[in-house]
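Subject: Structure handover

Hello,

I am passing this structure on to you. Please open it and keep it beside this email as you read.

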Amino acid sequence: MENLMPFTLPLLSLLIWVPIVGGVMTLALGHRPDASRWFALFIALASLVLSVQLYQSFDSSQVAMQFVERHDWIPSYKINYALGVDGISVALIGLTSLTTVLVIIGAWTSITQRVHQYLASFLILQGVMVGVFCALDAMLFYVFFEAMLIPMFIIIGVWGGPRRVYASIKFFLYTFLGSIFMLIGLIYLYLKSGSFALADWRSLQLTMPEQTWLFFAFLIAFAVKVPMFPVHTWLPDAHVEAPTGGSVILAAIMLKIGGYGFVRFSVPILPDASDHWAWLIVALSLIAVIYIGLVALVQDDMKKLIAYSSIAHMGFVTLGIFIGLALVRTLDHPAGAQLGLQGAMVQMISHGFISGAMFSCVGVLYDRMHTRMIRDYGGVVNTMPWFATFFVFFAMANCGLPGTSGFVGEFMVILAAFQRSPLIAFGAATTLVLGAAYTLWLVKRVVFGKVANKHVAELQDMNLREVVVLGTFAIGVLLVGVYPKPLTDLMGSAVSQLSTEMAVSKLPR
Amino acid sequence: MPTLADLLPLRPELAVLAGACLLLLIDMFASGRERLLLFWTALATLGIAAGLVVLNGGFAGAETTKAFNGMFVRDLAGDVLKFTILVVSAFACVYARTYLADRNLSRGAFHILLMFAVLGMMLLVSAGSLVTLYLGLELLALSSYALVALNRDSAIGSEAAMKYFVLGSLSSGMLLYGMSMVYGATGALDLAAIHAVAGNAQDHTMLMFGVAFLVVGIAFKFGAAPFHMWLPDVYQGAPTNVTVFIGSAPKLAAFGLAYRLLEAGAGPLAAHWQPMLAWLAVLSLAIGNLFALVQTSLKRMLAYSTISHVGFLFLGLSNATPTGYAAAMFYAISYALMATAAFASLIVLSSRGHDAEDIDDLRGLNARNPWLALLVLLVMASLAGVPPFLGFWAKLAVLRAALDANMLWLAIVGAVFAVIGAFYYLRVIKVMYFDAPAEKPAAQIHDDGDLRWMLSFNALLLLALGLAWNPIMAWCMQAFGA
């Protein structure tokens, strides 16, 4: 096939290495905070331009990976520097670049200590996360997957809240434990197939016992990242203690890496074991939606509430992926499977916008009041009308109001679930009630009512910088909510490819 | 009479010997400022020897040559080990310069003993018979005992040296006992001959008995649990510049010892010694990691972490195939480079009156000296096995070796302990980055000249090699024909 790319720059490598090198250079601007802010913003904007370029030159009608780069890296172990993207990756890369820009703008005045190190951590993190989304070699994927830990560890630990040490170490060890089992699985697949190329693994035949233990090795890694019940307990701690930017990146992008791992590794490489254990994932997802939703209801810390709501919403991602698998395998219903997968992917992007926005909202309040406790607020609408407008809007999106992005993904997943079993759909649909309950109650207590105390009375409304951050998130939420077609088109061929692959058994005949 | 053909493969060893003699002479006559000459002579000797290793075919992988009727074997595996031993020892020399000068420790003794230790290691890794092997080992051991006692006024140093000497002699005794059994069973001292006889023998009882003692001796020299008791005390008690040396290069030599004895000699009995190494690996991983968790002294914590790293190395050795040996050698090289940097960071924090050794000495380092903190961060991340640093790839190689040998359980044990191990390395990062510095930190930062450059080079090397580790791995694999 002819190369349709309008230019031959290694676009994906640039998307990975521009932020990383930029981050290292930001470190060198240590003693001049303003210079490092502008420089970091410049690098982040440059990456955003690159990802826009990626989106424009991406051909969503093709099934094959695009912008492929392949170089020998470690020939002794047959590890390649292999990059490539499909629609799902492009969407997530765009989300990553956009969020990093907003995080850097958001930190402009709220971070005053060691500014250069803060910004450098985020830039390096951005490059590494983009690397996760475009690695076509399993070992390269793993390197990026793990390299995220150190910058995030530093971000939570240095600029975090009072219990930051506990939260950062818990975050690191949970993720490290999860991924090291995946490493053993990767080595096993390498010894079996003689290569680390994901494309080779997709056609590899594996017996059911092999698939089963590999499935669980991958499950631990990705379940911790998503996070799924019962390995979610690191998330509330990490979110609560992390600085605003850290929470935004964690919620908006890092959690997506778990979902991305399922569609890149578990489902296409181990379809039979995934099908066999789909009931487990579906059950855990429903527990996340219902039980964690109830847990969110009783939180008195805003960030913790949003963290739990993140877990509940990510339940839809895993539910959509594995409902799709069950549909295509047991009911031979590929259209339904595509609906579920598509819903899961849209939910990933949408949750990226909404959770990022919600955490930014809390950040706006925290910068002024230095407390996250709900009881310290009340009647904020009287002093901060603009802020209240945005906050209510994002809260509505979080409950899945039609017309916002939150509705689209969840509705698709519920529709797909209904085709499998009305009972599962019913369980998933409780989120509409629970989500509305905890979010609206939060809004009621924080925003509405009488001015609670003199601190609230002295609040200043948002400045231009904050309006830009929240406004951008709002545009994203509205665009996906009102007109999701560009997004679903972008991911369409990747999703249909995945649904055909899921149907094929990899058991040796 | 030795012929020229015999002596040619020994050129690097002869160079080190000549250097050692030259150092003895200089030490006799030089005084005051000229003592810097000792440092440069030592460095030049190591450099020349490394050059001669390369000239002998270290990189090109020239044919294996034997000298002195097979007593001495020059092959690629030996060359790789010699080259890395020389490089790491040169690192140790550079790190030691300021430390020795600040404390008025005998520079002559340090450099001379280091040279002899290096010579012992080089003989050891090229040994073709049990005699040469033991000769090299003892030369290394005796020099190391004396090095640990370098600071004569330090009670804890003398105690460490004594402990090292007693337990080291015990392990040499074990090894010698095992060797005598092997000799009795095969009637040969030559490793190749032992290999041949062992391969044909019907009854392995006597040989097995000997091999069990050999394994114990090897475990002692490595410091693998449960034969690790000497290690934390010795590492802690020795002057830090000596710890840099004995914590790194001898691990490479110990790998050479294990490879020569177990593969070149007792190779046909692999099925018997494999499980022994596997259990030693499990014990070392468990004891090393769990004890490291509770240490407050960084030096001691790193010593216990050494034990856990030895456990990982044994994961590769117990595979007993060329891939496994290559993985273990890769691990030994990586570990040696990490250990020099880790212990050297303590040198940087030490000053005349205060020897930094507690984790608390690193408190708030990021606020005091961000560059140094970043370097220590790189080293700790590498030791913890976080990609893309060199330490991760070493772990990948040995885990692969374990899976290759169908020891999934062993790989899982290794993985679990890697996570536990990560915790105490993280604690160091936490202290440096998350905590505020003390009001009046006891540890002055000795961040000048060569120390700074050397540590920067060493730590960045871990990152650079982590991004491009193929040459080293290819070299290791070529050495064993993998």
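Below are the notes on what was found in it.

First, the ground rules. This is a predicted model, in which local features need pLDDT of at least 70, side-chain atom pairs count only at pLDDT 80 or more, and totals for chains, interfaces and linings use all residues. Residues are numbered from 1 along each chain as its sequence is written, while chains are lettered from A and ligands numbered from 1 in the order in which they are written.

**Where the chains meet**

Chain A puts 28 residues in contact with 25 residues of chain B. Contact here means that the C-beta atoms of two residues, placed from the backbone, lie within 7 Å. On the chain A side, the elements that give two or more residues are α5 (138–147), α6 (149–159) and α7 (164–193). Helices (H or I, at least four residues) and strands (E, at least two) are DSSP runs, numbered from the N terminus. The largest share of that side comes from α7(A), with 14 residues. By class, the side of chain A that touches chain B has 23 nonpolar, three polar and two charged residues. Ala, Val, Leu, Ile, Met, Phe, Trp, Tyr, Cys and Pro count as nonpolar; Asp, Glu, Lys and Arg count as charged; the others, Gly among them, count as polar.

**Two helix pairs**

In chain B, look at α14 (residues 298–317) and α15 (residues 322–348). Their axes come within 8 Å and cross at roughly 170°. Axes are lines fitted to C-alpha atoms, for helices over the stretch in contact, and angles run from 0 to 180 degrees between N-to-C directions. That crossing makes α14(B) roughly antiparallel to α15(B). Angles under 35 degrees count as roughly parallel, over 145 as roughly antiparallel, 65 to 115 as roughly perpendicular and the rest as oblique. Among the residues in the contact are B:Leu302, B:His309 and B:Phe312 of α14(B), and B:Ala328, B:Tyr331 and B:Phe343 of α15(B). The residues of this contact divide into 14 nonpolar, four polar and one charged.

In chain A, α1 (residues 11–28) packs with α2 (residues 33–57) at about 175°, with their axes 10 Å apart. This pair, α1(A) and α2(A), is therefore roughly antiparallel too. Residues that meet here include A:Leu14, A:Val18 and A:Gly22 in α1(A), and A:Phe39, A:Ile43 and A:Leu50 in α2(A). The residues of the contact of α1(A) with α2(A) divide into eleven nonpolar, six polar and no charged.

**The core and some buried residues**

The largest nonpolar core has 406 residues. Such a core is a set of buried Ala, Val, Leu, Ile, Met, Phe, Trp, Tyr and Cys residues joined through C-beta atoms within 7 Å. Buried means 20 or more other C-beta atoms within 10 Å of a residue's own, exposed means 12 or fewer, and partly exposed is in between; C-beta atoms are placed from the backbone. The residues with the most contacts inside the core include B:Tyr331 and B:Val379. Helix α15(B) gives the most to this core, with 21 residues. Leaving aside neighbours within four places in sequence, B:Val379 is in contact with residues including B:Met338, B:Ala342 and B:Leu462.

B:Val16 sits in helix α2 (residues 11–29) of chain B. It is buried, with 28 other C-beta atoms within 10 Å. The C-alpha atoms of B:Val16 and B:Ala49 are separated by 6.3 Å, though these residues are 33 apart along the chain.

A:Cys399 is in the loop between α17 (385–398) and α18 (405–420) of chain A. A:Cys399 is buried, with 24 other C-beta atoms within 10 Å.

**Backbone points to check**

Most residues other than glycine have a negative phi, and most peptide bonds are trans. Some places here depart from that.

- A cis peptide bond joins A:Phe229 and A:Pro230, with omega about 5°. A:Pro230 lies in the loop between α9 (208–225) and α10 (234–241) of chain A.
- The bond from B:Pro387 to B:Pro388 is cis, with omega near 5°.
- A:Phe67 has a positive phi near 55°. It lies in strand β1 of chain A and is buried, with 20 other C-beta atoms within 10 Å.
- B:Asn69 has a positive phi near 55°. B:Asn69 is exposed, with 10 other C-beta atoms within 10 Å.

Best wishes
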